[in-house]
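Hi,

Here is the model I promised to pass on. Have a look at it first, and my notes follow below.

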Amino acid sequence: MKIDVTDAPSESELAAIGEGLTAFNAADVGPSERRPLAVLIRDETGKTIGGISGYTAWGWLFTAWLFVPESLRGQGMAGKLLDAAETEASARGCFGAWIDTFNPQALRAYQRQGYAIFGELPDFPAGRSRFFLQKKLSPR
């Protein structure tokens, strides 16, 4: 047995961890039925310029990334993206959604969308807090 610390793991090394954890969790709590979910903002040429990247699993939508280009901020775009993701998650049978942020503007946008804070990690990054938010969804 050897423990190796690296900042450059291979795809197969990461896959070994992911596959092991997936198998463990499936045996422990049942299969996650994890599916990627993306909501894309495209420009007039069809190029992706922003959007949401996340997944659904165990009845929850997790938004990992949400990016709105500067030119579209302040126009309710984050809410539109979240609406689309939540609608798809509900169609997939999800009953909840969660997201996290350390950006004060994003925090306010998520709260306007109906998300409520359920946790805070102070000084992540230094001088700010990372907030964890959740929202109930109505499965369809």
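The chain has three helices and six strands, taking helices as DSSP runs of H or I with at least four residues and strands as E runs of at least two, numbered from the N terminus. From that end the elements go α-β-β-β-α-β-α-β-β.

Before the rest, a word on the basis: this is a predicted model, where local features need pLDDT of at least 70 and side-chain atom pairs pLDDT 80 or more, while totals for chains, interfaces and linings use all residues. Residues are numbered from 1 along each chain as its sequence is written, and side-chain values use heavy atoms, leaving out hydrogens and water.

Now the sheet. Its six strands form an open sheet in the order β1-β2-β3-β4-β6-β5, with mixed pairing; two strands pair if DSSP finds at least two bridges between them. β1 (35-42) and β5 (116-122) sit at the edges, each pairing on one side only. From one strand to the next, the twist averages 20° (axes are lines fitted to C-alpha atoms, for helices over the stretch in contact, with angles from 0 to 180 degrees between N-to-C directions).

β2 (residues 48-57) and β3 (residues 60-67) run antiparallel, joined by seven bridges, and I52 is opposite L66 in β3.

What lies across the sheet? Helix α2 (residues 77-91) lies across β1, β2, β3, β4 (96-101) and β6 (129-136), at about 150° to β1.

As for burial, 33% of the 140 residues count as buried, meaning under 20% relative accessible area with a 1.4 Å probe, protein chains only.

Cheers

How values were computed
Contact means heavy atoms within 4.5 Å. Buried means under 20% relative accessible area, exposed over 50%, partly exposed in between (1.4 Å probe, protein chains only).
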